[in-house]
Amino acid sequence: MWEEEGKYPHVIVEILSPSTAKNDREVKKKIYQDIFRTPNYFWFDPDILEFQGFKLLGGEYEAIAPNEQGWLWSEQLGLYLGIYEDKLRYFTPEGDLVPTPQEAAIEEQQQTQKARQRTQEAEQLAETERQRAQAAEQRLQQLEERIRSLGINLNETEL
């Protein structure tokens, strides 16, 4: 808060642990509701996969109803929060998984690798075509020499 000029967060996501869960569910929830006035509060227990979310309505937290996938909508984030492969993850309004920074980096590396591969393939194709053109030019020169050897002047002959 001191780095945000005294502004309270708009979204809080607590990761529960056995030693803090009771305090997070009761004391902190009350602080976030009554003092911080945080619009969205979520908690997640990675051990038992407990996941709950609240939105502030009329000064009181109201539980956020899950959608068909069990995800909870955060109006503040414009994203769903939900459990995916036993982890709390974000999902777009369309239902797409938002990649973690690590996943995004891996995807970017894969895209870069595919782009390099396409560039190499294009370069190989261009080299093949250059060689074909060179071979065709050589063949043309050989044919012209053969025609000249037969005593035909290509500059005087109409085709």
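This is a predicted model: local features need pLDDT of at least 70, side-chain atom pairs count only at pLDDT 80 or more; totals for chains, interfaces and linings use all residues.
Me: Let's start with strand S2. Is it mostly covered or mostly open?
Reply: Mostly covered. S2 spans residues 40-45, and six of its six residues are buried.

Me: Which residues sit on which side of S2?
Reply: Asn40, Phe42 and Phe44 are on one side, and Tyr41, Trp43 and Asp45 are on the other. Both faces are covered. In a regular strand the side chains alternate between the two faces of the sheet.

Me: OK, and which strands does S2 pair with?
Reply: S1 and S3. Strand S1, residues 11-15, runs parallel to S2, with five bridges joining them. Strand S3, residues 50-57, runs antiparallel to S2, and six bridges join that pair.

Me: What do S1, H1 and S2 make together?
Reply: A right-handed β-α-β unit, with helix H1 covering residues 21-36.

Me: And how many residues lie between S2 and S3 in their hairpin?
Reply: Four. Leu49 is in that turn and has a positive phi of about 60 degrees.

Me: Switching to rings. How many aromatic pairs are there?
Reply: The structure holds 14 aromatic pairs. One of them is Phe44 with Phe51, which is edge-to-face at 6.4 Å centre to centre, with 75 degrees between the planes.

Me: Why is that one called edge-to-face?
Reply: Because planes over 60 degrees apart count as edge-to-face, and the planes of Phe44 and Phe51 are 75 degrees apart.

Me: Are those two buried or exposed?
Reply: Buried. Phe44 has a relative accessible area of 4%, and Phe51 has 16%.

Me: What about Trp73 and Tyr80?
Reply: Trp73 and Tyr80 form an edge-to-face pair too, at 4.8 Å centre to centre and 65 degrees between the planes. Trp73 is partly exposed, with a relative accessible area of 29%.

Me: Which residues form the aromatic cluster?
Reply: Tyr8, Tyr32, Phe36, Tyr41, Trp43, Phe54 and Tyr61 form one cluster.

Me: Which charged side chains sit over Trp43 and Phe54?
Reply: The charged end of Arg25 sits over the ring of Trp43, 5.9 Å from its centre. Lys29 lies over the face of Phe54, 4.0 Å from the ring centre.

Me: Last one: where is Thr38?
Reply: In the loop between H1 and S2. Thr38 counts as buried because its relative accessibility is 0%.

Me: What does the Thr38 side chain reach?
Reply: The backbone oxygen of Pro9, at 3.3 Å. Leaving out residues up to four places away in sequence, Thr38 touches Pro9, His10, Val11, Ile12, Tyr32, Leu56 and Tyr61. Tyr32 and Tyr61 also belong to the aromatic cluster.

How values were computed: Residues are numbered from 1 along each chain as its sequence is written. Side-chain values use heavy atoms; hydrogens and water are left out. Rings of Phe, Tyr and Trp (its six-membered ring) pair if their centres lie within 6.5 Å; planes under 30 degrees apart count as stacked, over 60 as edge-to-face and the rest as tilted. Buried means under 20% relative accessible area, exposed over 50%, partly exposed in between (1.4 Å probe, protein chains only). A charge sits over a ring if NZ of Lys or CZ of Arg is within 6 Å of the ring centre and within 35 degrees of the ring normal. Helices (H or I, at least four residues) and strands (E, at least two) are DSSP runs, numbered from the N terminus. Two strands pair if DSSP finds at least two bridges between them. A crossover is right-handed if, with the strands pointing away from the viewer, the path from the first strand over the helix to the second runs clockwise. A polar contact is a pair of N or O atoms within 3.5 Å; within protein, one must be able to donate a hydrogen and the other to accept it, and residues adjacent in sequence count only if both atoms are side-chain atoms. Contact means heavy atoms within 4.5 Å.
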